[in-house]
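Take a look at the sequence and the 3D view below. Then read on, one piece at a time.

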Amino acid sequence: MHIFLIRRVLAAVPVIAVVAVFVFALLHLAPGDPAAIIAGDLATPEDVAKIRTKLGLDRPLPVQFLTWIVQLAHGDLGNSIFSAHPVSELIGQRLEPTLTLTVMTLLISVLLAVPLGVIAAWRVGSWIDRFVMGFAVFGFSVPGFVIGYALIWLFAIELGWLPVQGYTPLAKGLWPWLSNIILPSVTLALAYMALIARITRASMLETLNQDYIRTAHAKGLATNDVLIGHALRNAAVPIVTVIGIGVALLIGGVVVTESVFAIPGLGRLTVDAILRRDYPVIQGIILVFSGAYVVVNLIVDLLYTVLDPRIRY
Amino acid sequence: MIAAATTVTPAERPTSRGRIVAFVRRHPTVAVGGALLLLIVLASIAAPWLGTVDPISIDPSHRLRDPSAEHWFGTDRFGRDLYSRVMYGGRVSLIVGLSVAALSTVIGLAIGLVSGYLKAVDAVVMRIMDGMMAIPAIMLAIALIALSKASILIVIAAVTLPEVPRVVRLVRSIVLTLREQPYIEAATAIGTSVPRILVRHLLPNALPPLIVQATYICASAVLIEAALSFLGAGTPPEIPSWGNTMADGRTYFQLKPGMVLLPGFFLAVTVLSINLVGDGLRDMLDPRLARRM
């Protein structure tokens with residue numbers, strides 16, 4: 001087990017390395033002079049030169065690459081071109097709203113989508129199955145920002161139940177915090193739920209056909225016990241895998257959702273950085289997001305052995 | 001699952017109308033999705049003749065008008081006709097969706113075929129693909145766009161890049177299973193060259209799932225382009241697209257929700273219809289997959 005753990009963690013290292021190299025390479029492969037584009041149309045040649053020095057673009061490529069890797073190894077993501085603050089500090093300030101949003105979304109999605117998928121598979125072909133499958137196509141097709149605005153219009157403007165936009169830290173009370181986070185979490189959860197419900201149904205359909213399910217029914221177990229204890233338990237591995245892979249979808253959605261609901265998190269930081277062409281900040285956020293994705297999928301891999309003791313590495 | 005097996009005896013030759021009815025019955029999702037998509041494609045092509053005016057002409061005296069006989073969807077903060085912007089906006093979405101689907105499929109196919117067949121290349125290529133897949137698609141596109149001047153071509157390139165690894169993975173997995181088949185062995189034994197094996201023997205078998213995948217990529221590309229334009233990192237503001245039209249309307253959302261919701265509705269219907277076509281194609285081309293999903 002420990003050997004597996006070490007081996008699996010080591011396997012994540014090349015992925016992160018490729019991400020780092022890739023993000024570095026983008027700056028150099030992009031068409032045109034990045035320093036000139038970051039500086040904008042109104043920049044003087046001196047401004048462009050200053051940015052070039054700041055990004056280290058005036059030094060030889062191998063030197064640039066080594067500096068970037070050494071900095072990264074020290075947890076230094078560089079400084080923002082716009083505000084000169086360290087990127088890691090900027091990211092740290094924006095972490096709470098984004099974490100709140102993603103954890104809420106994850107909870108809503110898993111708690112609703114897994115039961116929906118189980119029921120759909122159990123009653124395959126029924127109206128509830130057709131509803132879940134229809135919802136899956138819908139949730140996957142309607143863009144998050146369209147759903148977000150539709151929800152704001154209905155629940156905040158027409159009904160007035162929830163605030164339109166914004167974010168209140170948890171420190172200022174449970175309800176103000178919760179009321180601001182409900183709509184964005186539901187918005188973000190829809191696509192994710194569609195994905196999870198669909199794979200839960202598919203995976204359950206496969207296990208429900210197995211002989212041991214018939215045996216469990218035959219020996220008189222309650223339907224709930226068969227569905228959850230026998231079928232879901234065995235269908236869990238693909239479901240957990242998709243939950244892990246779906247985190248990439250979730251992260252992409254965070255950027256858009258935070259923008260719709262004016263939540264001051266990492267997504268907003270990204271959008272601000274785009275508008276200011278603050279490349280070091282964009283680089284830093286990509287590394288943090290990709291790192292999160294790799295870590296989540298590492299946890300998923302470790303969960304396999306818990307969910308299915310037959311899997312041994 | 002019960003598959004309705006409709007057999008046609010030679011005596012009763014189906015009329016073309018009868019054939020269409022039979023097709024719609026057997027594949028309702030493709031029929032509905034395809035019809036919707038066709039409508040959207042035709043409307044985008046015929047945008048100039050559908051009662052539209054110049055979508056970028058500014059008219060400060062007619063700002064933020066409500067829908068009327070003259071301006072069907074109202075006007076935006078510059079007095080531009082919203083209906084025209086929505087009609088022309090479909091062009092950007094469809095161009096980006098189709099180009100990204102075609103480009104990422106071709107590039108991914110080439111890399112996947114070679115990587116799946118030649119073990120020496122495989123390890124390196126797949127590590128690079130793993131790394132690329134760890135970067136969320138929108139973030140990767142944003143990084144590329146932040147370093148370039150805004151244009152539709154850059155948007156297409158930026159949306160294609162994160163889709164390529166998905167195609168590579170699919171093609172590679174198909175090639176890996178096919179590689180061990182006796183007919184490939186036979187082809188190698190009689191001295192067929194590697195490129196010929198790839199193109200003549202492996203490619204045709206990889207096509208059906210690839211076509212399905214391309215449809216889903218098209219839907220996802222339309223979504224990502226709209227999201228990028230909405231965030232201000234996509235289609236340049238002088239070209240109307242659904243994403244940047246929505247971004248234009250967001251400041252006035254509480255007063256005029258239609259400015260955001262109308263382009264959003266068209267966007268949602270487009271993506272939905274492409275996904276429906278994809279689901280239907282999957283059922284038609286790959287019955288094995290259809291049962292699983």
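Helices (H or I, at least four residues) and strands (E, at least two) are DSSP runs, numbered from the N terminus. Chain B has eleven helices and zero strands. Read from the N terminus on, its elements go α-α-α-α-α-α-α-α-α-α-α.

This is a predicted model, where local features need pLDDT of at least 70, side-chain atom pairs count only at pLDDT 80 or more, and totals for chains, interfaces and linings use all residues. Residues are numbered from 1 along each chain as its sequence is written, while chains are lettered from A and ligands numbered from 1 in the order in which they are written.

The pLDDT is the predictor's confidence in each residue, from 0 to 100. Chain A averages 83, and 98% of its residues score at least 70. Confidence in chain A is lowest in helix α2(A) (residues 34-39), with a mean of 74. It is highest in helix α6(A) (residues 95-122), at 89.

A residue is buried if 20 or more other C-beta atoms, placed from the backbone, lie within 10 Å of its own. Of the 293 residues of chain B, 45% are buried. Just after α7(B), Gly191(B) takes a positive phi of about 85°.

Now to the core. A nonpolar core is a set of buried Ala, Val, Leu, Ile, Met, Phe, Trp, Tyr and Cys residues joined through C-beta atoms within 7 Å. The largest one has 168 residues. Ala227(B) is among those with the most contacts inside it. Two residues are in contact if their C-beta atoms, placed from the backbone, lie within 7 Å. Leaving out residues up to four places away in sequence, Ala227(B) touches Pro143(A), Phe145(A), Val256(A), Ile138(B) and Gly243(B).

Conventions:
A residue is buried if 20 or more other C-beta atoms lie within 10 Å of its own, exposed if 12 or fewer, and partly exposed in between; C-beta atoms are placed from the backbone.
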